Amino acid sequence: MPVYFILSKSDFGSEAKKVLAGAITDVHCAVTGAPSRYVTVLFMTGYRLLNEKKTMLLGNIRIDGNRTRELVDQLRHRLVGAVAEKLGEPDSAVGLSFLGVYSNWVWEGGEVIPVPGKELV
């Protein structure tokens, strides 16, 4: 279910996209326990970013079930760190905003997705 949009001024290229998508997927799954098949990463280029950020992540994540404030904070910290590392930038060059959604708002494959922590692996 998580959908991450990576916004940037210019294109990263295929190999960098693969590395970034892998890092985001790995962090999301390690922190939340969600199956990797749920993670979607979209790259959107040509954006003028604010606050001197080189890259901005927008993440739609589930906020019910086992998603505590502490877990979401850990996810935020680790995602920013991983993306910054892969880009060779300081953490301050990467922005991140979450849009929290409840599981019953999301349908995949014709069914409502389970709450976090109740997925079949």
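The buried residues of helix H1 are covered by several elements, including strand E1 (3-8), strand E2 (40-45), strand E3 and helix H2 (69-87). Keep in mind as you explore that this is a predicted model.

Which residues of H1 are buried? They are Leu20, Ala21, Ala23, Ile24, Thr25, Val27, His28, Cys29, Val31 and Thr32. H1 runs over residues 14-32, and at 1.5 Å a residue its 19 residues should span 27 Å; the C-alpha atoms at its ends are 27 Å apart, so the two values agree. After H1 comes Gly33, which has a positive phi, near 85°.

## Helix H2

Now turn to the partner helix. H2 has 19 residues, and the distance from its first C-alpha to its last is 27 Å, close to the 27 Å expected at 1.5 Å a residue. Its buried residues are Leu71, Val72, Leu75, Leu79, Val80, Ala82, Val83 and Ala84. What do these buried residues of H2 pack against? They pack against E1, H1, E3 and E4. Just after H2, you will find Gly88 with a positive phi of about 70°.

His77 and Leu96 are 19 residues apart along the chain, and their C-alpha atoms are separated by 9.3 Å.

## How the two helices meet

Two packed helices are described by the angle between their axes and the distance between the axes. Here, the axes of H1 and H2 come within 9 Å and cross at roughly 155°.

Sorted by kind, the residues of the contact of H1 with H2 are 13 nonpolar, three polar and two charged.

## Two buried strand residues

Thr55 is found in strand E3, which covers residues 55-62. Is Thr55 buried or exposed? Its relative accessibility is 2%, so Thr55 counts as buried. Leaving aside its neighbours within four places in sequence, Thr55 is in contact with Ile6, Leu7, Phe12, Leu49, Leu87, Ala93, Val94 and Gly95.

Val101 is found in strand E4 (residues 94-101). With a relative accessibility of 11%, Val101 counts as buried, because buried means under 20%. Again leaving aside neighbours within four places in sequence, Val101 is in contact with Met1, Ile61, Arg62, Ile63, Asp64 and Val106. Val101 and Asp11 are 90 residues apart in sequence, and their C-alpha atoms are 29 Å apart in space.

## Exposed spots to look at

The loop between E2 and E3 holds Asn51 and Glu52. Asn51 is not a glycine, yet its phi is positive, about 60°. Glu52 is not a glycine either, and it has a positive phi of about 60°. Asn51 counts as exposed, with a relative accessibility of 70%, and Glu52 counts as exposed at 75%.

Finally, look at Lys118, in the segment after strand E6 (111-112). Lys118 is exposed, with a relative accessible area of 61%. How many residues lie between Lys118 and Ala34 as a separation in sequence, and how far apart are they in space? They are 84 residues apart in sequence and 9.2 Å apart in space, C-alpha to C-alpha.

Terms used. Residues numbered from 1 in each chain as written. Predicted model: local features only at pLDDT ≥ 70, side-chain atom pairs only at ≥ 80, totals over all residues. Heavy atoms only, no water. Helix = DSSP H or I, 4+ residues; strand = E, 2+ residues; numbered from the N terminus. Buried < 20%, exposed > 50% of the residue type's maximum accessible area, 1.4 Å probe, protein only. Contact = heavy atoms within 4.5 Å. Expected span 1.5 Å × (residues − 1). Axes fitted to C-alpha atoms, helices over the stretch in contact; angles between N-to-C directions. Nonpolar A, V, L, I, M, F, W, Y, C, P; charged D, E, K, R; others polar.
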